[in-house]
Structure formats: structure tokens, C-alpha cells
Amino acid sequence: MSETSIRPALINKVIPNSIAAEVGFEPGDAIVSINGTPPRDLIDYQFLCADELLELEVRDAAGNIHSVEIEKDYDEDLGLEFETALFDGLIQCNNRCPFCFIDQQPPGKRQSLYLKDDDYRLSFLYGSYLTLTNLTQSEWNRIERLRLSPLYVSVHATEPEIRSRLLKNHRAGQILDQLQWFQERRLQIHAQIVVCSGINDGIHLEQTLKDLAQFQQNEVPAVASVAVVPVGLTRFRPSEDELIPVSREKAAEVIQQVQSLQTKFRQQFGSTFAWLADEWFLIAQQELPPESDYEDYPQIGNGVGSIRQFIKQFQDAATQMLPSRVEPARELTWVVGNAVETAFVPLVKQLNKVEGLEVKLAALRSEYWGQEITVTGLLTGQDLLKQLSGKDFGDGILLPSVMLKHDDTKFLDDMTVAEVSYQLGTKIGVVSGIEELLERCVAKKIKLIDQD
């Protein structure tokens with residue numbers, strides 16, 4: 001990557017009372033270099049800014065270049081946030097996985113929905129999954145030099161021919177050698193396996209889990225954990241993708257297979273090591289494992305234990321926050337994906353024990369994506385309109401923010417909260433997290449925003 005292709009790091013927020021605020025940084029300024037080095041990304045920025053003495057080359061909003069010297073404590077943060085974590089652009093995917101969600105979307109939506117990221121930097125910073133198939137030697141060297149660990153890797157299969165078939169990439173078969181590379185350098189990954197019936201299930205799934213377990217045995221295990229996830233399919237997927245939706249019978253089969261291996265892993269490692277995503281149990285219509293099975297939730301981002309964790313956090317917060325009664329009385333509708341309906345019924349009952357409060361659960365499937373079982377984050381504005389039109393919402397709808405684009409009011413189908421609010425004829429309150437949900441339920445004044 002040449003320095004000329006690295007764009008200055010555009011600042012979009014200056015934290016009040018920070019070093020940067022005192023120096024006079026403003027949104028719209030951009031960092032060109034730090035101690036003579038142009039930062040490629042947020043990782044470089046954090047590494048370079050750890051020093052006590054900094055000389056920054058800064059371009060202001062008018063395009064003028066300034067030199068700024070800063071003396072600070074080692075590792076003290078400057079208080080800047082940036083437009084993007086990647087100043088030199090996204091490293092995109094070079095695979096053609098048939099189950100890729102990007103390829104299972106309809107055309108014509110906002111461009112950001114079609115970006116296929118396979119960037120190790122986003123994996124390190126935010127826990128997104130990558131395949132390791134597109135790394136140059138210089139990027140491998142950088143991972144080693146900066147100790148970028150753990151990374152999150154989509155393994156899917158360890159047998160070279162199976163993984164190459166899934167990723168449609170001949171480089172995919174190098175995965176065991178790559179895991180050995182991590183092990184030799186005492187670096188770690190968290191792995192995921194997306195199970196596709198007839199391709200990497202059955203004996204292939206067992207082989208993959210046993211191969212990955214071989215990297216769990218050192219003092220610093222190269223593979224720290226594994227998530228086993230069912231393939232998710234939409235009605236927009238290519239007709240020639242050879243994929244089969246997960247049936248109730250297949251889900252039960254995978255649960256039994258993985259739980260048998262979990263018993264062996266616990267005996268061998270003292271840890272479950274490989275976890276099943278919650279969705280397997282929902283599809284199989286089986287009870288979720290107890291909270292204790294998830295240890296410290298190493299695969300929570302893959303939906304492993306997320307329902308159990310939500311229930312526990314909800315109950316703890318409700319014990320602290322729910323009064324015996326509220327005034328004025330109010331009736332609210334809480335919209336969620338139908339995947340969590342059974343698990344959330346007791347939570348709604350707990351809310352409705354509060355005198356003057358009535359919460360109705362609207363558990364929806366996604367007809368937009370063509371899914372019978374739907375997680376909350378995949379519900380779209382069209383799903384809400386199709387399944388809720390004409391219903392009585394009481395004082396309004398409580399809408400989890402996971403349905404919306406980050407820091408925006410757009411659903412995945414590009415409809416906005418304002419459009420849905422108008423067409424349903426009700427107020428909608430977007431809630432981020434459990435505490436905000438409970439606050440909306442019991443506030444002295446009903447805090448639902450009319451989305452104009």
C-alpha cells in the first residue's frame with residue numbers, strides 16, 4: 001500500500017474536554033501524518049498516538065496544512081473519532097460463498113449494503129469475520145508485528161476440498177497451515193462454521209471440529225472458541241446455489257452431534273470450546289441450554305447465548321428499575337423477531353405485573369427475506385407494514401435499534417422509521433438496549449417520539 005493512496009484521516013467528532021479539544025481540533029479536520037507516518041487505519045492511529053511526544057500534520061476543512069505538536073502521557077487518548085476506521089479503503093472479499101448474505105439481497109438498495117468486507121483490521125477492531133484468503137505477505141507480517149489478536153475467522157470446513165468448494169476459492173484450502181501460523185506466533189482466532197446441509201455437515205462437521213480442537217491445547221490456544229451456525233437463506237438467493245434450508249430434523253441432528261463433542265471437549269479442555277448458535281434450538285423447537293453453559297460468552301456476536309444473556313440482563317435490570325405502578329397508565333407494543341417469541345413471553349409478563357402498564361409482544365417473521373424464523377435485526381419496514389397494519393398499538397411501538405442502520409433511521413429495505421410511523425398511524429420509540437426499553441415503559445411521561 002503506497003502512502004499516496006492513504007487518504008488523510010477525516011475527523012467527525014472531537015470529544016469535549018479532551019486533549020484534541022484543548023488543542024483546537026474541529027470536525028472536518030484530517031490527520032495527514034503522525035510523527036512523519038501517514039496512518040493507514042485506526043490501528044495505526046492508536047499505535048502511533050501511544051507516544052508521549054507527537055508531531056501531527058493536519059489538514060483543516062479549508063485544505064490548509066498545519067503542524068501540531070502535542071505532549072501527553074503515554075497511551076493517553078487524544079479524544080478524536082473518525083469518519084471511518086480504514087483510511088486507505090476496505091479490503092474486499094475475493095470469495096464467492098453461496099450463503100453470503102450480501103448476494104442474497106435484492107438489487108437497488110443503498111450501496112453500503114453490497115460491500116463485501118474481508119478485512120482483518122475490522123476483524124481485530126470490531127469482531128467481524130474474515131476468511132484469510134486475500135492477505136498479502138505484507139499484511140501477514142503486519143498482523144505478526146502489531147500482534148493483532150484475536151481475529152475472527154470463518155473456517156466452515158478444514159478439509160481443503162470442502163472449504164474450497166464452499167468459498168469458491170482455491171486459496172481457501174490453506175486454512176490448517178494458516179492456523180498453524182497463528183499457533184507458532186502465539187496469536188489467537190475465534191472461529192465460525194456455517195453449516196450447509198449436504199456440504200460441510202455430518203462427518204465433515206465432526207472432522208472440522210476435531211481439527212480445530214487440535215489448536216486448543218497449547219498454553220495460548222490458537223483457536224480460542226468455535227461457533228456452529230446454521231446457514232441463513234433468503235428468497236433473493238441465486239437459484240443455482242445448491243443450498244438447502246435447515247429443517248427441524250437437521251437442526252436436531254446437528255445439536256445432538258455437537259453436544260456429544262462438547263462433552264469430550266469439556267473433559268479434555270475444561271471448556272465447551274465449540275458452541276451452537278441459539279438458532280439451532282429455535283429451529284429444532286428445543287429448550288435453550290442453561291446460562292451456565294455459555295461460560296464467558298466468547299461467541300455472543302454469533303448469536304451464541306444472546307437470548308440467555310438478554311433474559312438475564314433484562315431480569316436484573318427489571319428488578320432494579322420496575323416500580324409497582326406507573327401513571328399515567330399506558331399500553332405499548334414491543335416489536336421483535338419471532339425467533340425470540342417463546343423466550344420473551346416471561347419478560348412481557350414481568351412488565352405487565354406493573355400496575356398501569358400493558359405491553360403486547362408483536363413477534364414477526366420476515367416475509368421480505370422469505371424466512372419463517374426471523375431474528376429481530378433482520379425485520380424490515382415492509383415486514384412491519386405488512387403484518388401490523390390495522391392493529392391497535394396502544395400508545396405506540398417500541399422498536400429495537402438493531403433493526404436499523406447504525407446511527408440512522410433506515411431499515412435494511414431502505415424504508416425509514418418516519419415512513420413506517422406515518423403509514424401505521426402510530427408513534428414509534430426506537431430503543432437501544434434493555435435500560436432504555438424499561439425507561440420507555442415506566443417513564444412518568446410517555447416518551448415515544450412521533451417520527452415526523
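Trainee: In strand β7, which residue is the bridge partner of Tyr129?
Mentor: The general idea is that strands of a sheet pair through backbone hydrogen bonds, either parallel or antiparallel. In this structure the bridge partner of Tyr129 in β7 is Tyr152, and two bridges join β6 (residues 129–130) to β7, the two strands running parallel. Two strands are said to pair if DSSP finds at least two bridges between them, while the labels themselves are DSSP runs numbered from the N terminus, helices being H or I with at least four residues and strands being E with at least two. Please keep in mind that this is a predicted model, in which local features need pLDDT of at least 70 and side-chain atom pairs count only at pLDDT 80 or more, whereas totals for chains, interfaces and linings use all residues. Residues are numbered from 1 along each chain as its sequence is written, and side-chain values use heavy atoms, with hydrogens and water left out.

Trainee: In what order do the strands of this open sheet stand, and which of them are at the edges?
Mentor: The five strands of this open sheet follow the order β6-β7-β8-β9-β10, with parallel pairing. β6 and β10 stand at the edges with a single partner strand each, so one side of each is left without a neighbour in the sheet. Further along the order, β8 (residues 189–195) and β9 pair in the parallel sense over seven bridges, and Gln192 stands opposite Ala227 in β9.

Trainee: How are the two faces of β7 to be read: are Leu151, Tyr152, Val153 and Ser154 buried or exposed?
Mentor: Look first at the relative accessible area, where buried means under 20%, exposed over 50% and partly exposed in between, using a 1.4 Å probe and protein chains only. In β7 (residues 151–154) both faces are covered, with Leu151 and Val153 buried on one side and Tyr152 and Ser154 buried on the other. On the way into this strand, Pro150 lies in the loop between α4 (137–146) and β7, and the peptide bond that joins Ser149 to Pro150 is cis, with omega about 0 degrees.

Trainee: How many residues has helix α8, and what covers its buried residues?
Mentor: α8 (residues 248–269) has 22 residues and reaches 31 Å from its first C-alpha to its last, close to the 32 Å expected at 1.5 Å a residue, where the expected span is 1.5 Å times one less than the number of residues. Its buried residues include Val254, Leu261 and Phe265, and what covers the buried residues includes α7 (203–213), β9 (223–230), β10 (274–276) and α9 (278–284). Just after the helix, Gly270 takes a positive phi of about 75 degrees.

Trainee: At what angle do α7 and α8 pack?
Mentor: Two packed helices are described by the angle between their axes and the distance between the axes. The axes are lines fitted to C-alpha atoms, for helices over the stretch in contact, and angles run from 0 to 180 degrees between N-to-C directions. Here α7 and α8 pack at about 20 degrees with their axes 11 Å apart, which makes α7 roughly parallel to α8; angles under 35 degrees count as roughly parallel, over 145 as roughly antiparallel, 65 to 115 as roughly perpendicular and the rest as oblique. The contact, meaning heavy atoms within 4.5 Å, is made by residues including Leu205 and Leu209 of α7 and Val258 and Leu261 of α8.

Trainee: What is the angle for α10 and α14?
Mentor: α10 (306–321) and α14 (residues 434–442) pack at about 40 degrees with their axes 10 Å apart, and they are therefore oblique to each other. Among the residues that meet there are Phe310 and Phe314 in α10 and Leu437 and Leu438 in α14.

Trainee: Finally, which value of phi does His156 have, and is this residue buried or exposed?
Mentor: Phi of His156 is near 70 degrees, a positive value in a residue other than glycine, and at 3% relative accessibility His156 counts as buried. Asn17 also is not a glycine and has a positive phi, of about 65 degrees, but at 74% relative accessibility Asn17 counts as exposed. His156 lies in the loop between β7 and α5 (160–167), and Asn17 in the loop between β1 and α1 (19–23).
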